Amino acid sequence: IKGSELLALDKEGLKMLGVERVGTLCLLSDGIRLLKKAAHIEHSPYCFGKILDYLRMKQLNSVNLAKVPAPPSVRNSQKMRFEKVVDYYFPGDSSKYILG
């Protein structure tokens, strides 16, 4: 099964592949749902670079080697993408740690 085929599977498709146990069907369905969500997250080198630079500066600040860093400065054209990536990898209140 290719990745796109896996994402298209539902419980009936899993049954056709021979998965019969209810618990296994539920676990696989839940895993596919999570993969679908992750597949829509863009993996932008620009956004990851901004996040990593900020986290590095926070670490350096924690050992008194740098000043307290300002939240990442992101180009207007990348703001929505950046917030989406941060919200995905830092869910809930933890996104405030990056976004300010």
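The protein chain of this predicted model has a radius of gyration, taken over C-alpha atoms, of 19 Å, while a compact globule of 100 residues would come in near 13 Å. That globule rule is 2.2 Å times the number of residues to the power 0.38. Along the principal axes, the C-alpha atoms fill a box of roughly 60 × 30 × 20 Å.

**Fold**
- You get six helices and zero strands, where helices (H or I, at least four residues) and strands (E, at least two) are DSSP runs, numbered from the N terminus.
- Among contacts (heavy atoms within 4.5 Å) with a separation of 6 or more, 52% link residues 24 or more positions apart.

**Burial and surface**
- Of the 100 residues, 20% count as buried, meaning under 20% relative accessible area with a 1.4 Å probe, protein chains only.
- The accessible surface (Shrake-Rupley method, 1.4 Å probe) is about 7,400 Å², and carbon and sulfur atoms own 59% of that.

**Helix α5**
- In α5 (residues 79–89), the buried residues are Phe-82, Val-85 and Val-86.
- They sit on the same side of α5 because they cover an arc of only 100 degrees around the axis, going by the directions from the helix axis to the C-beta atoms.
- Their cover includes α4 (45–62) and α6 (95–99).

**Reading notes**
- Residues are numbered from 1 along each chain as its sequence is written, and side-chain values use heavy atoms, with hydrogens and water left out.
- Local features need pLDDT of at least 70 and side-chain atom pairs count only at pLDDT 80 or more, while totals for chains, interfaces and linings use all residues.

Technical notes
Buried means under 20% relative accessible area, exposed over 50%, partly exposed in between (1.4 Å probe, protein chains only).
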